[in-house]
Amino acid sequence: MLFKSTRSTEKASASAAEVIKQGLASDGGLFVPESIPTLSKEEILSLCKESYPVRAARILSKFLSDYTYEELLADCEKAYAEDSFVGGAAPLVPIHGPFSALELWHGPTAAFKDMALQIMPRLLSRALVKTGETRIALILVATSGDTGKAALEGYKDIDGIKIMVFYPVDGVSRVQKLQMATQTGSNVNVTSIRGNFDDAQSGVKVIFGDAEMEAILNEKGYFFSSANSINWGRLAPQIVYYVSAYCDLLEKGVCKLGETFNVCVPTGNFGNIFAAYLAKQMGLPIGRLICASNANNILTDFLRTGTYDRNRDFYLTMSPSMDILISSNLERLLYFTVGSEKTAAYMDSLKKTGAYTVDAEALAAIQENFCGYFADEKATAETIRRTYREHGYLADTHTAVAISAAEQYVAESGDNRPMVIASTASPYKFANNVYRAVADKEPSSDLEALHELSAYTNTEIPYPLAGLETRTVRFEEVIDRDGMKDAILSFLN
Ligand SMILES: *Cc1c(COP(=O)(O)O)cnc(C)c1O
């Protein structure tokens with residue numbers, strides 16, 4: 001299987017290893033496979049009896065044909081090991097009626113980014129060998145919180161790779177700060193920056209484009225790489241859990257082989273829901289794909305009108321991983337809908353004017369698969385409270401947005417097929433807002449909220465967040481933005 005850029009009319013020529021190493025295509029587009037492999041009913045049936053790592057290796061091998069099945073299986077077994085994903089990699093848990101939660105947050109940082117970030121570094125490590133790379137990859141990450149921690153956990157102690165994370169000193173929660181400051185691993189570094197997230201992010205961008213730094217690194221035997229969410233190596237592993245969810249629906253007798261189910265995904269960068277779309281294109285019997293947004297409902301508008309317009313107010317919400325005005329992976333959907341030339345034109349328009357409108361035919365094709373709903377802050381809190389009190393299911397803020405969207409969809413359409421709702425974070429990851437919603441009380445503090453939520457709901461704090469206060473702090477350095485280069489060089493020495 002070869003890959004090409006979403007913006008190029010040339011034939012696919014990049015291998016999976018090259019694509020994973022490179023991240024973004026050289027013309028600024030995203031890598032896509034030359035064709036979508038198929039998944040037959042018999043294959044689905046044969047996966048039902050298998051463990052999650054085997055399901056994952058089988059699906060990945062369809063896209064990563066330059067990796068052997070044995071390599072993929074070995075990596076998947078380590079990535080989704082039971083001591084890392086406690087309670088299963090992607091269990092399907094009933095919520096109410098036709099709704100079930102596909103819980104993607106049992107991994108080492110209690111959020112869904114782990115599903116991809118536990119496996120992608122292993123794929124990158126192999127990609128370095130496969131492409132004859134002799135230098136060490138230095139991953140630089142600017143984070144406003146969750147991605148940084150998930151990347152640290154994913155890349156720690158992986159061969160041929162080092163990772164440095166920069167975060168704004170006053171821009172992350174106390175829990176997030178503690179999670180990163182206590183990070184283990186011999187190849188990791190965490191540094192906080194005086195300033196906000198934009199300072200950290202633009203600082204990293206400048207360094208990525210700095211020819212002098214590149215030369216210095218090269219001399220030391222390193223090259224820069226990113227853990228970016230648009231990397232194919234992060235997308236492919238996300239296809240697996242939708243197939244896995246269907247296997248579980250079959251095993252539980254909720255669906256018979258060939259019967260369809262709907263999927264609802266709390267969406268930010270459009271990566272998770274795009275993976276569900278790919279699973280559908282492969283042959284997984286998915287009916288509707290419901291794209292759930294918070295108050296930043298740019299995708300709801302796009303899916304209803306065909307106009308994507310980022311010239312609008314930006315809101316900070318209690319579901320911060322969905323506070324996004326540019327959903328990068330939407331470019332991949334455009335490519336599969338209208339081809340590379342129109343995609344390149346839309347992306348050009350987005351860059352120049354902040355907006356584009358797809359033609360009527362394209363909108364109709366997109367609407368055959370997708371529909372969009374959103375939940376504002378009030379609806380999100382109300383959904384957390386009601387879902388817990390009436391159905392006993394404790395949802396985090398992002399999952400609650402999706403539950404609300406799925407409920408709106410069912411009320412409007414009357415479509416009562418089984419609904420798999422992607423649950424993207426443990427309620428404890430956003431314990432303060434979840435506690436506020438279920439208990440109708442102010443938590444004493446960010447950290448105390450974990451214990452208060454546990455006592456109120458009689459549930460356990462998941463292991464990645466338990467005992468944070470007592471772990472050894474390894475990284476305390478705070479620097480100015482213009483000290484980032486020096487910090488990198490001293491980490492490498
Ligand atoms: C990243 C994230 C999302 C959004 O996923 P995309 O793939 O960016 O659409 C939703 N919820 C949580 C908790 C996340 O961390």
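Visitor: How many bridges join β5 to β8, and what makes these strands a pair?

Guide: Four bridges join β5 to β8, and the two strands run parallel. A pair needs at least two bridges found by DSSP, so β5 and β8 qualify. Helices (H or I, at least four residues) and strands (E, at least two) are DSSP runs, numbered from the N terminus. This is a predicted model, with residues numbered from 1 along each chain as its sequence is written. Local features need pLDDT of at least 70, side-chain atom pairs count only at pLDDT 80 or more, totals for chains, interfaces and linings use all residues, and side-chain values use heavy atoms, leaving out hydrogens and water.

Visitor: Which strand order does the open sheet have?

Guide: The order is β8-β5-β6-β7-β15, five strands with parallel pairing. For β5 (residues 136-142) and β6 (residues 161-168), six bridges make the parallel pair. Leu138 faces Lys162 in β6 and Phe224 in β8, while Leu140 has Met164 in β6 as its bridge partner.

Visitor: What makes β8 and β15 edge strands?

Guide: Both β8 (222-225) and β15 (478-479) pair on one side only. Helix α9 (residues 197-208) packs on this sheet and touches β5, β6, β7 (188-193) and β8. Touching, or contact, requires heavy atoms within 4.5 Å.

Visitor: Why is α3 called largely enclosed?

Guide: Ten of its twelve residues are buried, so the rest of the structure largely encloses α3. Buried residues have under 20% relative accessible area, exposed ones over 50%, and partly exposed ones fall in between (1.4 Å probe, protein chains only). Among the buried residues of α3 are Tyr52, Val54, Ile59 and Phe63. In β5, too, six of the seven residues are buried.

Visitor: Why are α2 and α3 called roughly antiparallel?

Guide: Helix α2 (residues 41-48) packs against α3 at about 150°, with the axes 9 Å apart. That angle makes the two helices roughly antiparallel, a label for angles over 145 degrees; under 35 is roughly parallel, 65 to 115 roughly perpendicular and the rest oblique. Axes are lines fitted to C-alpha atoms, for helices over the stretch in contact, with angles from 0 to 180 degrees between N-to-C directions. In this contact, Glu43, Ser46, Leu47 and Cys48 of α2 meet Arg55, Arg58, Ile59 and Lys62 of α3.

Visitor: Why does Asn231 count as buried?

Guide: Its relative accessible area is 2%, which is under the 20% limit, so Asn231 is buried. Asn231 sits in the loop between β8 and α11 (232-251). Beyond residues up to four places away in sequence, Asn231 touches Val19, Ile20, Gly23, Met120 and Arg332.

Visitor: Why does Arg389 count as partly exposed?

Guide: Its relative accessibility is 49%, between the limits of 20% and 50%, so Arg389 is partly exposed. Arg389 belongs to helix α16 (residues 377-391). Leaving aside neighbours within four places in sequence, Arg389 contacts Val438, Ala439 and Tyr456.
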